[in-house]
Amino acid sequence: MSTEASAPALTAGRHTPTRHLVRAHGGGVPAMFGYLLTSTRPYLKMAALSQLGSPVLYLLSLGIGLGSLVNGRSGGQSLGTSYLSFLAPALIAATALQVAVGQATYPILFGGFKFQRIYFAMNATPLTPQQIASGVLGWIATRTAVSATLYLAVVACFGGIRSVGALLCVPIATLGAMALAAPIAVYSATVETERGGFAAISRFLVMPMFLFSGTFYPVSSLPEWGRALAWLSPLWHATELARWASLGSLHLRSGIGQVGAVALLGHLAFLTVLTVAGVLLTGWRFRVRLSR
Amino acid sequence: MTSSYAPGRSAEPAQRTTDPLIEAVGLSKRFGSFEAVKAIDFSVARGESFGFLGPNGAGKSSTMRMVGAVSPASSGRLRVLGLDPAVEGPAIRSRLGVVPQQDNLDLELTVWENLYIYGRYFGIPKRTLRSKIEELLDFAQLSDRARDKVEPLSGGMKRRLTIARSLINDPEILLLDEPTTGLDPQARHVLWDRLYRLKHQGVTLVLTTHYMDEAEQLCDRLVVMDHGLIVAEGSPAQLIAEHVSREVAELRFGIDENEARAAQVADLAERVEVLADRLLLYVSDGEAVLRAVQERGLRPVSGLVRRASLEDVFLRLTGRSLVD
């Protein structure tokens, strides 16, 4: 079958032919990243400011302020390291989680499916729902990793890094964040009408996780039920791993940062399973919603 | 209005093939127990302007989404560009241009960025895109708004941008789902002018509409859809000739009286439709009928004669108006 013959023509005037350049499988995920990067550009200054400002405030008030109280009393003794170095890996993981969850809620439902409907525009091109979902989640992971890196840099400026292993906080925090953000993306891609679900996620899921996942004190200080709950929290697993990466090599007498091989695998497995399940289910929900 | 986006016909004479660009046999779409499209058959030839005319909920958009290779058919056979949308969706979509019913531009990006990003989804190289975008902006009469954000643009401008966007890949088929719904008359005419150009450049247009004037302006051939079924098919002129008379006399007697007067004038027309606000008399000579009505001593508040339109065809076929 001739395709070029009656093409809106490739010869006359200033016509720039593009038909022969179109790829049957499109620009794929890289083209989506190009879009997401462009759409973030107007907010770049603001985003950078808040992503550097927030750690400065947290580290000043908690790491230094509360830290001087903790370090000065028996707390410093029992931790075996400065409160700042104890707190920082956990704060990196917690902030990463908040960034990722924020990106996995309103932007997906409102920008993607409901109001601007940009995913429908993408789906009218060779991009597949699976590629769109992968692009969106890949982008969330990338932004989360950038935030975690910035956070780590601020921590370094405050003198809160005690080993090279702290660099691992970035991938660990990103994995921990996606373990919650990817399942939430499934929800965002499924709900038809937002009736306060996102606010509830932030208030009743993210906030309690932040408070009870061993960010500010070891979960061993919690009663039995608290420890059981922490076990369900992706943030606790990420926090344990981040502390292991940052402080494990110091062999602190307090045992902080010490994670056995089995526990290590357990933490990683828990986070990986949640992330993979979230990614697969998000792809499925995107396909269902875009192909109605 | 001038435009330097002037693809014109290719130097080679168009090689007409007998293979239709789009072919549907027994095509159906079900959502749960609701059947939006009920085993319809149609085909569209290369270079043709083909329309789906029907009221809201007739199944037009569902059909368009199946043809657009985004929504799988529930049953039946569909081939677009000779390919099966169920297995070769991306390959089909790479050769289509789609103007959806609701604009889905990125409002926070600029006009230029919207086109650029979209071109990248097709994998078109950056350098080619730059000159392509310039031409498309010119074609859509948006060159001076290139660096503006989309959000504050008027509805007509957004629509033109959506159409420009759909042309980024030199599509072989352009799918337009209610291209001018919600636009003011002037914006509609500007848009029709642009679409008319594309049609003359040989782009195959497939559009849905519930406006008869739009169908008459743009479609070589159309099907009338109602409740998920195709109830008639032909060129606008054929449909009018086949289903209604040449002229229509419209009489208004006042809301309460229309019904009662219908019986008194029924013998003057081939057929009478009683609407809430007027009577429609389908006749070959409208003026003669108006005189006859006067001679019977009937005094309508107003009486006018017009040519029969697709609206009348639709009324005849479905018993309902298109736009309610």
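**View 1. Helices H7 and H12 of chain A pack against each other.** Helix H7 (residues 129-157) of chain A and helix H12 (residues 261-290) of chain A have axes 8 Å apart and pack at an angle of about 130°. This is a predicted model: local features need pLDDT of at least 70, side-chain atom pairs count only at pLDDT 80 or more, and totals for chains, interfaces and linings use all residues. Residues are numbered from 1 along each chain as its sequence is written, while chains are lettered from A and ligands numbered from 1 in the order in which they are written. Helices (H or I, at least four residues) and strands (E, at least two) are DSSP runs, numbered from the N terminus. Axes are lines fitted to C-alpha atoms, for helices over the stretch in contact, and angles run from 0 to 180 degrees between N-to-C directions. H7(A) and H12(A) are therefore oblique to each other. (Under 35 degrees counts as roughly parallel, over 145 as roughly antiparallel, 65 to 115 as roughly perpendicular and the rest as oblique.) The crossing of H7(A) and H12(A) is right-handed. (Right-handed means that the near helix is turned clockwise from the far one by less than a right angle; anticlockwise is left-handed.)

**View 2. Twelve named residues join H7(A) to H12(A).** H7(A) brings A:Pro129, A:Gln130, A:Ile132, A:Ala133, A:Ser134 and A:Leu137 to the contact. H12(A) brings A:Val279, A:Thr282, A:Gly283, A:Phe286, A:Arg287 and A:Leu290. (Two residues are in contact if their C-beta atoms, placed from the backbone, lie within 7 Å.) By class, this contact has seven nonpolar, four polar and one charged residues. (Ala, Val, Leu, Ile, Met, Phe, Trp, Tyr, Cys and Pro count as nonpolar; Asp, Glu, Lys and Arg as charged; the others, Gly among them, as polar.)

**View 3. A:Thr128 sits in a loop of chain A.** The loop runs between helix H6 (118-123) and H7 of chain A. A:Thr128 counts as buried because it has 23 C-beta neighbours inside 10 Å. (Buried means 20 or more other C-beta atoms within 10 Å of the residue's own, exposed 12 or fewer, and partly exposed in between; C-beta atoms are placed from the backbone.) A:Thr128 and A:Leu290 are 162 residues apart along the chain, yet 9.4 Å separate their C-alpha atoms.

**View 4. H5 and H8 of chain A cross.** The axes of helix H5 (residues 106-114) and helix H8 (residues 169-190) of chain A come within 8 Å. They cross at roughly 40°, so H5(A) and H8(A) are oblique to each other. H5(A) passes H8(A) in a right-handed crossing. From H5(A), the contact uses A:Ile108, A:Leu109 and A:Phe113. From H8(A), it uses A:Ala185, A:Ser188 and A:Ala189. Five of the contact residues are nonpolar, one is polar and none is charged.

**View 5. Chain A as the setting for these helices.** Chain A has twelve helices and zero strands. Its C-alpha trace spans about 85 × 35 × 35 Å along its principal axes. Of the 292 residues in chain A, 45% are buried. Among contacts in chain A between residues at least 6 apart in sequence, 79% join residues at least 24 apart.

View 6. The domain assignment gives domain 1 (22-233) and domain 2 (244-318) of chain B. (Domain bounds come from an automatic or database domain assignment.) Their centres, taken over C-alpha atoms, are separated by 37 Å.

View 7. B:Ala69 is in the loop between helix H1 (60-67) and strand E4 (75-80) of chain B. With 30 C-beta neighbours inside 10 Å, B:Ala69 counts as buried. B:His227 lies in the loop between E8 and E9 of chain B. B:His227 is partly exposed, with 15 other C-beta atoms within 10 Å.
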